[in-house]
Amino acid sequence: MVDALRASATIITAISNGCDRIVPTGEANEAAAIKKISEGNVLLCGEMAAKKVSGFDLGNSPLEYTQDIVEERIIIFSTTNGTVAIKTLAPAEDVLIGTFINAEAVAKKAISLERDVVMVGAGTKGKFSTDDMMAIGCIIDRMLKIDDEIELDDMGRVALKLYHDANHDILGALEGSTHFEYLRQLKLYDDLEYCTREDMFDVVPVYQEGVIIKG
């Protein structure tokens, strides 16, 4: 599952910084309800329309999820697109979470499963999102560097070309795209820069039995 701006990066960062686990939810109200019945070191986190939900501990900026805040904490997490997409994938045998910042790591993990891989972009409110497609292309690029005989469908080829055409200027290539421009209007420049870095982490979060943990 890829939600390039920003849920994938937030999840990867939180897992890398030692959170106990992440519980993805479909809506903010569901997250708040789970928090009420939860015990232990729990953080209520997420966004609606890219803005932190009132009363939540953290929003959906990966920069908020520092080690001193999230280490050994349980994160109840709700986002407009990413967590919704994750929950729809519950029937899948393996659900990996990736984006630009862990592209090589998630590519290696996907290949190690030795079966067909379906790349799912979270999109933006149910619609195609350029940032997700470009991140998928980045992951495919890393997979092909490991095994150049991997077969791609047409959508995979389009994603790969989109990534290659960006020529490692992901920020510049995403200018004008809907979700990118929306986040830029909210002045989330640091998030955009962070989320479009490549291969920062060697961590692959996995979703299983209702929670996200380090794979």
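## The largest pocket

The largest pocket of this predicted model has a volume of about 650 Å³. A pocket here is an open set of points on a 1 Å grid over the protein atoms alone, where a 1.4 Å probe fits, with protein on both sides within 12 Å along at least five of seven lines; lining residues have an atom within 4 Å of a point. The volume is the space filled by probe spheres set on the points, which are joined across faces, edges and corners.

Its lining counts 28 residues, and Val 117, Val 118, Met 119, Glu 151 and Leu 152 lie nearest the centre. Helix α6 gives the largest share, five residues. Helices are DSSP runs (H or I, at least four residues), numbered from the N terminus. By class, 15 lining residues are nonpolar, four polar and nine charged. Ala, Val, Leu, Ile, Met, Phe, Trp, Tyr, Cys and Pro count as nonpolar, Asp, Glu, Lys and Arg as charged, and the others, Gly among them, as polar.

## Reading the model

Residues are numbered from 1 along each chain as its sequence is written. Local features need pLDDT of at least 70 and side-chain atom pairs 80 or more, while totals for chains, interfaces and linings use all residues; side-chain values use heavy atoms, leaving out hydrogens and water.

Let's turn to α9, residues 178-185, where His 179, Phe 180 and Leu 183 are buried (under 20% relative accessible area with a 1.4 Å probe, protein chains only; exposed is over 50%, partly exposed in between).

The buried residues of α9 pack against α6 (130-146), α8 (170-174) and α10 (189-195), with contact meaning heavy atoms within 4.5 Å.

## Salt bridges

The whole structure holds 16 salt bridges, each a side-chain nitrogen of Lys or Arg within 4 Å of a carboxyl oxygen of Asp or Glu. One joins Arg 6 and Asp 191 (2.6 Å, N to O). This pair links distant parts of the chain, 185 residues apart: Arg 6 precedes α1, and Asp 191 sits in α10. Arg 6 is buried at 3% relative accessible area, and Asp 191 is buried at 4%.

In α6, Lys 145 and Asp 141 lie four residues apart and meet in a salt bridge (3.3 Å, N to O). Lys 145 is exposed at 62%, whereas Asp 141 is buried at 10%.

Key: Helix = DSSP H or I, 4+ residues; strand = E, 2+ residues; numbered from the N terminus.
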